[in-house]
Amino acid sequence: MAPLDTTAIQEERKVYYLQKILNSTVQQGPHGCRVWQNPVGGNGYPRMRITLVAGGGSSQYSVHQVVLACSTGTVLDRPFFEVSHLCHNKLCVEVTHLTYEPKVVNVQRRNCVAEGHCFGHQGQDSPDCLL
Ligand SMILES: [Zn+2]
Ligand SMILES: [Zn+2]
């Protein structure tokens, strides 16, 4: 994934982005996923354009990455890390269903989906899957 650093975005602008995102979702499913209703990118993930620096150009990012970065202030620039979906729904942008963790853990989560229950994951930023 492309690095995403939202620290230069003004707080009110982050709130605006998050509200705009929320307005593009409906809440669905047993875990309360916020499911994106607008068109998605070729990789199956919702995407949108945001401006990182006032007066600068906009860039396109996956919406779930924007939600995590703008909500928590986490800078998404670590190699071999990804924003994982605990709920395994690519269209979900609910911040509590997202976590920034090593890609290898995200890959392990596929086993949980296949088996229908979470095997547990190592690391404080790697909570159990929502299944
Ligand atoms: Zn979800
Ligand atoms: Zn799991």
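This tour walks through a helix pair, a loop residue and a further helix.

The model is predicted: local features need pLDDT of at least 70, side-chain atom pairs count only at pLDDT 80 or more, and totals for chains, interfaces and linings use all residues. Residues are numbered from 1 along each chain as its sequence is written, while chains are lettered from A and ligands numbered from 1 in the order in which they are written.

**Stop 1: the helix pair**

Select residues 11-22, helix α1, and residues 63-72, helix α2. Helices (H or I, at least four residues) and strands (E, at least two) are DSSP runs. The two pack at an angle of about 140°, with axes 10 Å apart. Axes are lines fitted to C-alpha atoms, and angles run from 0 to 180 degrees between N-to-C directions.

Now show K14, Y17, L18 and I21 in α1, which meet V63, V66, V67, C70 and S71 in α2. Contact means C-beta atoms, placed from the backbone, within 7 Å. The contact residues divide into seven nonpolar, one polar and one charged.

**Stop 2: S24**

Move to S24, in the loop between α1 and β1 (25-28). S24 touches W36, Q37 and N38, leaving aside residues up to four places away in sequence. It has 16 C-beta neighbours inside 10 Å, so S24 counts as partly exposed. The cut-offs are 20 or more for buried and 12 or fewer for exposed, with partly exposed in between.

**Stop 3: helix α3**

Select residues 103-115, helix α3. Of its 13 residues, one is buried, so α3 lies largely in the open. G116 follows α3, with a positive phi near 80°.

Technical notes:
Contact = placed C-beta atoms within 7 Å. Nonpolar A, V, L, I, M, F, W, Y, C, P; charged D, E, K, R; others polar.
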